[in-house]
Amino acid sequence: MKKRKIALSLLLGAAMLLSACGGSKESGQADAGSQEESSQDVESSSDGEGSTAQEGNTEAEGDAGADAGSGEVLTITIAKQLDENAGKYDSGDDINNNPMIDLAIEKKGIKMETTLLGGDASNYTTKLRLALTGSEDLPDVFPVYDTQMIADMIESGRAKDITEDVEQYMPERLREIYDRFPETFYPATKDGKIYAIACAPRLTEGEVMVIRQDWLDNLGLEAPTNLDEFEAVIKAFTEDDPDGNGEKDTYGFAYAGDGLYNTGWVSDPVSLFSANTGKNIPGSWQEDAEGNLMYGSIHEGNRKTLERMAQWHANGWIFQEAAATGAWDAMSQFTESKAGILIGRPWIIGSIKDVTTVAPDAVMKAYPTIRQDNGEPTYQSAEVNDGWLMFNADFEHMDKFFEYYDWLYDIAFGTGEFQYGYLENYDYDIVNDEVVFDCKLFDPSLESVFDPGKSTVLKNTPVLDNMAAYANVAAGQEPVSPAEIKAEASFKASPEQSEGYALANEHRSEQLPNLFNAAPTATMQRSWEQLQTMEKQVYTNIIYGNEPIEAFDKFVEDWKAQGGDQITQEINEWYQSVK
Amino acid sequence: MKRVSTGRKIFIVCNTAFLVLMALLCVLPLVNLLAISLSEKAAVNSGIVTFWPVNFTITAYERTFQNANFIRSIMISIARTVIGTLLSMAVIVTAGYALSKDFRGRTALMWFFVFTMLFSGGLIPSYILNSALGLKNNFWVYIIPGAFSCYNLILIMNFFKSIPKALEEAALVDGANFFQILWKIFLPLSKAGLATVALFIMVGNWNEWFTGILYMSDTKNYPLASFLQVIVVQNNKQDLALDPTTAAAMSERTIKAAQVFIGAVPILMVYPFLQKHFAKGIVMGAVKE
Amino acid sequence: MGKTKNARAKTMHRKSWKQEVAHNWPLYVLVAPAVILAVIFCYIPMGGLVMAFQNYKPWLGISKSEFVGWDNFRQIFMFKESYQAIINTVIIAVSKMVFGLIVPVVMALLLNEVRHAGLKKGIQTLVYLPHFLSWVTVAGMLRDILGLDGIVNSALQRLGIEPIFFLGEAGMFRQIVVISDLWKGFGFGMIVYLAAISNIDQNLYEAAEMDGANRWQQTIHITLTGMMPMIIVMATLSLGNVLNAGFDQIFNLYSPLTYSTGDIIDTYVYRQSLVNGQYSFGTAVGLFKSGVGLALTAIAYRLAYKFAGYRIF
């Protein structure tokens, strides 16, 4: 009996402790409990110098000011997801002490200090969630990568309403950029107030179809422009020995089938589906004929593509292990000189160039994705931003932040001091009066180098329009902006890839952003995963011949009945509210 | 010399052959991995490396070693493994010894421990607690929260239980107290058990990477395992989508392969030393006389 | 070991707590550090299990989040996919448990018969190696080995058998999972048994030999019997994992083609929580698994005590 009492009181104690932790932050910062102070003490004693992570401590005062050696420096704390930069700092440097940090202090009097660091994507999300519990300090500025987290941040009241700040402080040239992507504000808006801005929005380069040109030439074929031609080419690539080695060791098309049939970046089969569904591509919410949002995977056109792919699969014309291979890994089919067609972002040409170790004569060429039978283009997913920036409710220096943000954008506009990049010897170097961007060509040559553009809170150097820069250079324009200078260098180093970018630019209108980009609706929270599981299973099993094509009709019925219709309705209500 | 029967001879040959085969089956994939780590990137990407490096290069290892934080992370790993193992062993050996005896409340205590093995409050409460205890950005977060493990406790306790009661009773008659019995009889007689559990704890400490990533806000304080975990990003769309340079780094299967060896080598160096304790129950017969 | 029953009988006449403490105080002292650590780092965070009955919002904390009763548990059983996941979990976990118990024991016994010390140590080290590989790495290797161009299929082809896409065959997925898990883990389990064997009193063998027992009989009656307590302990310990079929492994191996036989509770919850960071649902699933584990462990403990007079813990 006694033991039980002890156990019970332990549990009660635990519950009390937990609630104390959860509650202290919520009840207001004024009484930042003694507990916090004590943890602060421990931190200081272990680091030697105090952390300035506390809210409201952003002003240049106390030890932060002493750090910078000048009273003018403002410290802005940020959150960051660690990337491969971790391995590339100069000796003695680290995430809070590197040339890019120094540059901002020198030029802008702003010290960006990372106080919340996530090891990888999921770990970063975990840390933001912990910040929501109050046991982790929420930095002044923090990127958020999923819409549910944005919604949680808004609901918790810990994210700043920046409606007025955007109005007041956002520089005109940035405002123009954001005006071009109004949909990026959908998830960031609640009750007419704005809580987040997209991270350096721009239309990311679209996908192109990369084909083994030497195979086409060997067989006297042209690049396919519709499904029928596509079928003819993959058949020939499989059965007519395109590499001429007398062995049946090649096939037509490599793609990823371990998830939705819309990867959005590489090894993407989506254009094959779009050939029959138009804009209503699988895995994406697009408008139907009446202007209501519908989920592309249930469009009846998919049935025709699935039927065809099942046939191709049975004939061995397409990647036989696609169902168990992720998008990245599927690319190795091309690198190993087994597959002749791969669809993805133009940079895949650089990633798969090692195919020449296996097939020295391999020639890759980028083509537009196929057209619909009626001549209309096929569509693919567009990506306009990698995450959103949110701000701590107590952050008081939005003006300073926008000043810094605008300064980072100098590189995109080609204004200010950044002609080629942020820092010579880091993101560019001038060798023999010529600017180079590949660190292997630097003087001295480097195997790897710290990339200032990736070290900021944005994770990537802002650009206005990457594809357009390539297109301008391809059209013979004199390069002006850093992006164009970089594109020009790229045309010299890897022409096929650069042509791919220019090609993607021509087809930029075929990129469709998912029109539903808010936090999951109520029914979605309950049923969405189950519907997705069903979709992946049915699609893949049809292609693999484990289920007849009629399974698609049943899938559409089940999908609607098991929550899909309800979700469609909820999403359309949301759509009407933001449109 | 004992006479060995023909049947026994056949058994010995077959048995040895079988075990060698099993060992090969376990080691060949690693040989492949080693070959990959020592091959040129292009050869690896085009899938032509099997058990021998193609275009031998140690770039993958250089790339990892070059990093300024690498040596530091090794030191942290060594420190946490040594201190962590010692502390864990101290806690577990003392508790295991006590629980191998009969005393009042023992069974309840035992279930109290078993419960911890089955139920866990999850990440959030632990994080809140450890933060409140000041373990964030603190080296001791590697040591203290994980010092107790019920699994290892039960193993040690069972090794202790298998020591003949007679030995202990004799010592008690001689006037030895509990502590002396533990030190003089139980520890020497359970060397194999101690070595086993110590190995488990060491390997666990050496390979554990999540704590570093979760509780350290500065990569300088990462142990080797966390360091290796983040040095090459995961195959994650979110990480890759926007940037070709990241994608180039991704294709470095060679670096990933190198990591496996960098991570495993120190522990593999320790293991042979521990193995000498696995010799057959040497002392026991002698003491019993 | 077998004598514990007698030893217990001796102490049956209970002393008062006072006497007990006076006599056995060093034992309480020795166990105290473990108790303190367990209370702080295991029991206090267990307060978080309350989340399983709430719609937990991190910013509200446990004290202010809304209670929803058994809703989260009900959600586990709401879809046919989750039933399938539970069935798969049990089948995979139980197979792993059974083979994971037998194989290391057999391997330890076989290795024990090797007399050449160097060979013995060498094998012992090599079979332990796969333990150091992460499942991501192992899954990559399996994909190569079992792929359509992999060595297994080229061997089959020589026998005139059509290539098989092993990782896409729902009917083979569980076998692949269990075998690869064994491959990766048996060296680890074997070490425990080798240690147990080395604790066996050498006199027993000599005595048996004098009684004319052959090697086989010695192995069965002395070595295996001597290992028995450890085997029972390991078996019982593994019962707590009856609903842990190995997330990392399956997550890296499964595909839509093998969901039907390979989707387990943990992968299902993982995908589910990608949609929305469901703290409460995840906690509920964890609690459910723990509850089942506890029940089975308790039953095994009872049975071992009732029928073998053996106390596992």
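**Exercise 1. Domains of chain A**

Find how far apart the centres of domain 1 of chain A and domain 2 of chain A are, taken over C-alpha atoms.

Solution. The model is predicted. Begin with the division of chain A: domain 1 covers 55–203 + 385–464, and domain 2 covers 208–381 + 536–549. Then take the centres of domain 1 and domain 2 of chain A over their C-alpha atoms; 37 Å separate them.

**Exercise 2. Chain A as a whole**

State how many helices and strands chain A has, and what share of its residues is buried.

Solution. Step one is the count of elements: chain A has 22 helices and 17 strands. Step two is burial: of the 579 residues in chain A, 62% are buried. Step three concerns contacts in chain A between residues at least 6 apart in sequence: 70% of these join residues at least 24 apart.

**Exercise 3. Helix H18 of chain A**

Solution. A residue counts as buried when its relative accessible area is under 20%. The buried residues are A:Asn466, A:Met467, A:Ala468, A:Ala469, A:Tyr470, A:Ala471 and A:Val473. Next, look for what covers them: the cover includes helix H19 (482–493), helix H20 (495–506) and strand E17 (511–512) of chain A.

Last come the ends. After H18(A) comes A:Gly476, which has a positive phi near 90°.

**Exercise 4. Backbone features in loops of chain A**

Locate the cis peptide bond from A:Asp443 to A:Pro444, and say whether A:Asp191 and A:Asn432 are buried or exposed.

Solution. The bond from A:Asp443 to A:Pro444 has omega near 0° and is cis. A:Pro444 sits in the loop between strand E16 (434–436) and H18 of chain A.

Turn to A:Asp191. The loop between strand E4 (189–190) and strand E5 (193–194) of chain A holds this residue. A:Asp191 is not a glycine, yet its phi is positive, near 50°. The cut-off for exposed is over 50% relative accessibility; A:Asp191 has 71% and therefore counts as exposed.

For A:Asn432, the loop is the one between strand E15 (429–431) and E16 of chain A. A:Asn432 also is not a glycine and has a positive phi, about 50°. Its relative accessibility is 71%, so A:Asn432 counts as exposed.

**Exercise 5. The contact of chain C with chain B**

Describe the contact between chain C and chain B by its residues, its buried area and its salt bridge count.

Solution. First, the residues: chain C supplies 93 and chain B supplies 90. Second, the area: the two chains bury about 8300 Å² between them, with 73% of it on carbon and sulfur atoms. Third, the paired groups: there is one salt bridge between chain C and chain B. C:Glu113 and B:Arg8 form a salt bridge, with their closest N and O atoms 2.9 Å apart. Nine residue pairs, both members at pLDDT 80 or more, are in polar contact between chain C and chain B.

Definitions and conventions:
Residues numbered from 1 in each chain as written. Chains lettered and ligands numbered in written order. Predicted model: local features only at pLDDT ≥ 70, side-chain atom pairs only at ≥ 80, totals over all residues. Heavy atoms only, no water. Contact = heavy atoms within 4.5 Å. Buried area = accessible area lost by both parts, 1.4 Å probe. Salt bridge = Lys/Arg side-chain N within 4 Å of Asp/Glu carboxyl O. Polar contact = N/O pair within 3.5 Å; in protein donor to acceptor, adjacent residues only side chain to side chain. Domains from an automatic or database assignment. Buried < 20%, exposed > 50% of the residue type's maximum accessible area, 1.4 Å probe, protein only. Helix = DSSP H or I, 4+ residues; strand = E, 2+ residues; numbered from the N terminus.
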